[in-house]
Every structure is written in C-alpha cells, then in structure tokens.
Amino acid sequence: MIGALMLDIAGTELTQEDIELLRAPQVGGMILFSRNIESPAQVRALTDHMRKIRPDILIAVDQEGGRVQRLKNGFTLLPAMGHFGQLYLSQPEKAIALAEQCGWLMAIEVLAVGIDFSFAPVLDINDISDVIGDRAFAENVQDIVPLASAFMKGMQRAGMATTGKHFPGHGSVKADSHVAAAIDQRDYQDIYDNDMQSFIQLQGQLDALMPAHVIYEKVDPNPAGFSAYWIQKVLRQTLKFDGVLFSDDLSMQAACVAGGADARIRAALEAGCDMGLVCNNRESACIALAGIENLPLPNQTRLARMRGKIPNIIIGESFDLGDEWKTVKKVIEEFRNSL
C-alpha cells in the first residue's frame with residue numbers, strides 16, 4: 001500500500017532510521033537529491049534496497065535538465081528546456097524532435113537506476129519568475145505546448161509517468177516560493193487565459209500535477225497546493241483531471257502559511273492532494289508523519305499509475321543502456337555542447 005508522505009534521506013545508503021521510516025504505512029514515496037548520488041550503480045543499489053524494505057514505495061527525483069538535475073555523475077547532462085524553445089523559433093521541427101529525444105533519454109536513465117519518475121516537465125511560462133526562467137520551455141503557451149508534448153511523448157515511450165508543474169502557473173510571479181511568500185494579484189480569467197493553458201491543452205498527456213506554492217489572492221486566500229478551490233473545484237470538477245496531485249515541498253517558505261509540518265501536510269491532503277512532500281528536514285518529516293498516521297491511505301489506483309517500467313538489469317562500472325540510448329545520448333550531448 002502507498003502512503004501519503006514523500007520524504008528523503010541524508011546519504012547515499014539507508015540508515016537504520018531511514019529503514020524504520022520506510023516501514024511506516026503512511027510513507028508512500030522517497031525523493032532523491034544530489035547528495036544521494038555517487039554513480040548509476042550506487043543509485044540502483046540504493047533504490048533496490050528501498051524496495052527490499054518497502055516493495056510498494058514510489059521513488060522520485062527532479063531531473064528536469066539545466067540547473068535542476070540531481071543525477072549528474074555518470075548520467076547525461078541535459079540542456080535546460082528553454083534551449084528547445086529558443087531553437088523552436090527558427091527550427092521548430094528540429095526542436096520538437098530533440099525535445100522528444102531528450103524526454104526519452106532522461107526517462108530511460110532515471111528508470112534504469114530504479115527511480116519511478118522525475119517531477120517533469122515544467123509547464124510554466126518563462127515570464128518574470130527568476131526561479132522558473134529557462135526551466136520553462138518558452139515565453140508563451142503556443143511554443144510550450146508542442147515542445148512539452150514532445151518531451152512527454154518521449155518520457156512515456158520510455159515507460160515513465162509525467163508530472164506537470166507548477167499549476168496553475170508560477171512563471172508570472174516574481175518571488176521564489178522556496179524562500180518567500182509568493183503572491184499573484186491577477187484575476188482568475190487572466191490566469192486561465194495565459195498560464196493555465198499549457199496545463200489544459202496538455203491534460204491528456206499528464207499523469208500527475210504539482211500545484212504551485214503561490215497565493216492567487218483574487219481567487220483564493222490559500223496557496224494553490226492548500227486550496228480546495230484550485231484542487232477540487234478547478235482541477236477535479238471543472239477540468240475533470242483524474243491524475244495524481246503531489247504537493248510541492250512543504251518545507252518551502254511559501255508553505256509556512258499553513259503552520260507546522262503536521263498542519264501543512266494535513267492542509268494539502270484535505271485540499272485534495274494525493275501525496276505531500278516534506279524534504280530536507282527530517283524533524284519536519286517525522287512531525288508530518290505523526291500528523292497523518294491515523295488518516296486513511298490515499299487513492300491507491302491513482303498513485304499506482306506513477307510506477308515506472310523499471311528494467312530488470314544489473315548496472316556495473318559501465319552505464320550502457322543499448323544502441324538507441326547511445327545514439328540519442330550523442331545527439332543530446334552535441335546539442336547541449338553547441339549552446
């Protein structure tokens with residue numbers, strides 16, 4: 001059974017405390033960070049150990065490319081998605097082809113080391129947000145949609161579920177929600193006509209969404225990830241979205257409006273999220289876990305869709321995933337080196 005809390009570990013292998021936490025029924029996911037990564041073989045050993053303790057655990061990572069890429073040593077360094085958007089302006093067909101290859105390459109490498117999915121792609125507009133910037137494919141929806149669609153097509157061909165973030169759009173908010181309260185002062189129609197369109201138009205390819213830790217104050221007083229209006233009324237009822245909803249990291253500063261870690265995860269789950277993330281703070285993760293241990297488990301059918309098609313392979317000193325992988329890796333590396 002899959003629980004409602006996703007947390008992390010400090011090192012490159014499990015401690016006894018990590019093992020005990022993994023056994024808690026309400027722990028449903030683990031997210032890996034750069035500090036957990038030494039090599040492909042080490043990551044696969046770590047994820048295999050996690051599944052030996054908890055076979056049903058979902059394991060995730062942020063492997064967007066560019067400045068948000070946790071798996072580096074031994075893995076392909078991916079370009080930021082914004083570079084595909086720049087190429088799209090002059091060579092749209094080439095940009096779309098490269099985006100699909102990049103999505104496949106990212107996914108096949110992540111799956112090979114036992115990780116179910118990357119929280120990708122970013123569907124925000126590259127507008128005034130410094131924390132988004134070139135993590136977004138482009139500055140407008142018309143360019144984002146074909147590129148993100150191709151990237152997700154590649155992910156899904158490799159066997160990985162997709163997660164669009166940060167609904168209903170973080171790109172038009174200057175503040176970085178990791179370190180400050182982020183407030184968007186636009187009305188619903190403006191957000192709907194602009195930032196939301198990439199999520200709406202790509203809904204058929206999305207297995208999951210991550211709401212933004214942004215307060216859209218003319219719409220609802222709560223950040224989107226804590227808002228029953230955004231999650232239940234807009235996403236579930238109006239847009240009929242039936243995929244998984246992951247909270248963004250509940251340790252981020254913009255999430256503090258909900259109170260302590262236990263209050264934050266309850267607020268996210270009560271608003272309609274399926275799983276809450278508490279990262280980089282073990283004390284907070286334990287408080288969050290204690291706060292939800294008596295709650296019912298989340299929708300199992302929905303969460304099970306996030307399980308990746310992880311190959312049954314042994315990864316040694318060399319990381320060789322076959323001829324297609326070698327070909328695509330060379331193409332993406334040449335594109336990245338040309339930037």
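Begin by selecting strand β9 (residues 208-211) and strand β11 (residues 244-249), which pair in the parallel sense over two bridges; strands here are DSSP E runs of at least two residues, helices are H or I runs of at least four, both numbered from the N terminus, and two strands pair if DSSP finds at least two bridges between them. This is a predicted model, in which local features need pLDDT of at least 70 and side-chain atom pairs count only at pLDDT 80 or more, while totals for chains, interfaces and linings use all residues. Residues are numbered from 1 along each chain as its sequence is written, and side-chain values use heavy atoms, with hydrogens and water left out.

Within this pair, L209 stands opposite L245 in β11.

Next, select M50, which touches I9, L14, L22, M30, L32, I57 and I59, leaving aside residues up to four places away in sequence; contact means heavy atoms within 4.5 Å.

Then turn to the backbone. A cis peptide bond with omega of about 5° joins A120 and P121, and P121 lies in the loop between β6 and α5 (141-158). The peptide bond from K165 to H166 is also cis, with omega near 10°, and H166 lies in strand β7.

Finish at K240, a non-glycine residue with a positive phi of about 60°, in the loop between α8 (228-238) and β11.
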